[in-house]
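Hi,

Here is the structure I promised to pass on.

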Amino acid sequence: METPKNILDSELSFLIEVNNDLSENYNILKSHYKYCNVDFLLVNINNLYSCYCEYKEVKYKSGFDTYDSYFIGKVKLENIRDYYNECIFCWDFRKSKENDFFWIKYDNDFFDKYECEYDERNNSYRYKILNKDCEVGYDKFIEYYKQISNRKLNHNKEN
């Protein structure tokens, strides 16, 4: 696997961790484009099921050990809707708090379900994804991906 020059240390660590935990039946690709809307493409090489992953390693600000919500930029979310529909968002706080890994699978209801707010610091709009809607745990994320990627994709046809 060729490692892109623009990969962040946190993304490289996550890529290696996921690669080790998924096994030899998967390929993981990282975009070489610094501003790509997603970070990774996970592919089951047996059935070519694929899913995108947007990954953020974050740390709690001083005085916090939990958050009620996480953010995805409006433009990023619109591009994911238009071009990368099968996507999982991950927020990794494990460097701040050992088991805090939150994730949610994208669906088109995000635009109606979540509040869009203006982020003055970045001069852009972002969607506020609620913590209560997210799944918790890195191991659960790996198991979920294995489950969805190993399902029989041609279940209506006889082999």
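Let me begin with Glu-54, which counts as buried because its relative accessibility is 1% (buried means under 20% relative accessible area, exposed over 50%, partly exposed in between, with a 1.4 Å probe and protein chains only). Please keep in mind that this is a predicted model, where local features need pLDDT of at least 70, side-chain atom pairs count only at pLDDT 80 or more, and totals for chains, interfaces and linings use all residues. Residues are numbered from 1 along each chain as its sequence is written, and side-chain values use heavy atoms, with hydrogens and water left out.

Glu-54 sits in strand β3, residues 50-57 (strands are DSSP runs of E, at least two residues, and helices runs of H or I, at least four, numbered from the N terminus). Leaving aside residues up to four places away in sequence, Glu-54 touches Asn-37, Val-38, Asp-39, Lys-76, Cys-87, Ile-88, Phe-89 and Cys-90 (contact means heavy atoms within 4.5 Å).

There is also an open sheet of three strands, ordered β4-β8-β7, with antiparallel pairing (two strands pair if DSSP finds at least two bridges between them). β4 (69-73) and β7 (115-119) are at the edges with a single partner strand each, so one side of each has no neighbour in the sheet. Five bridges join β7 to β8 (residues 124-130) in the antiparallel sense, and Glu-117 has Arg-126 in β8 as its bridge partner.

Happy browsing!
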